Amino acid sequence: MSHNTKPPRTPTPKEIASALSLRVIGQRDAVEEMSVALAKKLAGVRTGNILMIGSSGTGKTTLMRGVEEYLASDPRLAQRSTVVRLHANVLGEEAERGRPGEAILHRLIERSREQLGEAANWDQILDRARQGLVFVDEVDKIRSQVGDRPNVSGIRAQEALLTLIENEAIPLRVPEWAGGGTTNVDSSGLLFVCAGAFEGLYDSVFDRVTVGKDKGSLQSVTVVEDGRVREELQFSLREWLRNEDLFDYGMSPQFLSRFDAVVLLADLTVEELVRIFLESPDSGLQQAKEYFATYGKKVVLSPAAARSIAAAAARQPRLGARALKEVFRRVIRPWEIDPEASISSDALVLDSGEVDAALN
Ligand SMILES: Nc1ncnc2c1ncn2[C@@H]1O[C@H](COP(=O)(O)OP(=O)(O)OP(=O)(O)O)[C@@H](O)[C@H]1O
Ligand SMILES: [Mg+2]
């Protein structure tokens, strides 16, 4: 018998990325950035915090959940990582109660206690919690002002996060089960990944470079389409976003300076929407399949039908992949009311005819 004393091998970022790509379609930059950070974290090497920005329904929360699932799927990885995911608003609420940052630490401690089990002592639990991975979702909700009005809970929440990031002595109430009292915790080993849609950011940056302060910096390009020539402004947020735009949005310079990487998620293409619709375990199609199966009916969709649905979803502004559900609901509704009578064979076959009829 041989004893394995080597620490378990750390997966490469490439391996992590390919696992995450089963859940997150497209969004290569974000998936890769996340994978490199996670590999470093698992290897016990320091890595910088990440801020993800992307329109609603483009996969930010899906990516966070993908990482949680990935870590949970392998006991050897789960052994080396404690993850919590929370909504940024929670930080504002607890900051109002005067103990910024404690909610995150307490959740990490609870999580690592669950993972390490009964036998672990307080020092082991705390030590592991201090190395945790913290996902803060909807971080744009803690902007410091909304319109002209200051957003007090947002300001406090940003301060709460600031307190935690890179801090070496956070006062923490020790839970009763660990003896109570207070202690100081070094939280500098935490990795933060924050995400938000930053609704309105796109428009304000576009305005800055077209009609605002930097008017004229966006040059029009000549496009030839169907034999016709026209001038078009080609704008991408990725190219024009500056830190100042995020300050103006209401993220404080101190807060932003704690992020090494700002990653932009792209709007989804029709091809990506088709894949999400067909492959995602929580897509409307999967739900419909489950529902009709309870009446012994299959749902079969032609490639052209899937494409029509994705194209209709892509035309909906600001919903991202969420539009798929709404579009598909309109398509499937007529059969849902009475599956046995309305579907004569054992399968509901949807082709572009059915889809176009429902959508037009
Ligand atoms: N890139 C993607 N890959 C796979 N599924 C996706 C992707 N983007 C969105 N989806 C699907 O769309 C739905 C919404 O996605 P998600 O919750 O990740 O959006 P979000 O970016 O967090 O949006 P919001 O800013 O509104 O919170 C989910 O059901 C998810 O399955
Ligand atoms: Mg989300």
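Modeller: In this predicted model, domain 1 and domain 2 bury about 810 Å² between them, with carbon and sulfur atoms giving 45% of that area. On the side of domain 1, the residues that lose the most area to domain 2 are Ile25, Ser56 and Gly57, which together make up 55% of what that side buries. The two domains cover residues 1-267 and 270-359 respectively. Their centres, taken over C-alpha atoms, are 33 Å apart, and the contact takes 8 residues from domain 1 and 11 residues from domain 2.

Ligand 1 draws at least three shell residues from each of these domains. Its shell holds 20 residues, and Ile25, Ser56 and Gly57 are among the closest, together with Lys60 and Thr62. Helix H3, spanning residues 60-73, supplies the largest share of this shell, namely 3 residues.

Several side chains place polar atoms against oxygen atoms of the ligand. For Ser56, a polar side-chain atom is 2.4 Å from an oxygen atom of ligand 1. For Arg322, an N or O atom of the side chain is 2.9 Å from an oxygen atom of ligand 1. For Ser280, the separation between a polar side-chain atom and an oxygen atom of ligand 1 is 3.5 Å. Ligand 1 taken alone exposes 620 Å², and the protein buries 90% of that area.

Note on methods
Residues numbered from 1 in each chain as written. Chains lettered and ligands numbered in written order. Predicted model: local features only at pLDDT ≥ 70, side-chain atom pairs only at ≥ 80, totals over all residues. Heavy atoms only, no water. Near = heavy atom within 4 Å. Polar contact = N/O pair within 3.5 Å; in protein donor to acceptor, adjacent residues only side chain to side chain. Areas by Shrake-Rupley, 256 points an atom, 1.4 Å probe, with all protein chains shown as cover. Helix = DSSP H or I, 4+ residues; strand = E, 2+ residues; numbered from the N terminus. Domains from an automatic or database assignment. Contact = heavy atoms within 4.5 Å. Buried area = accessible area lost by both parts, 1.4 Å probe.
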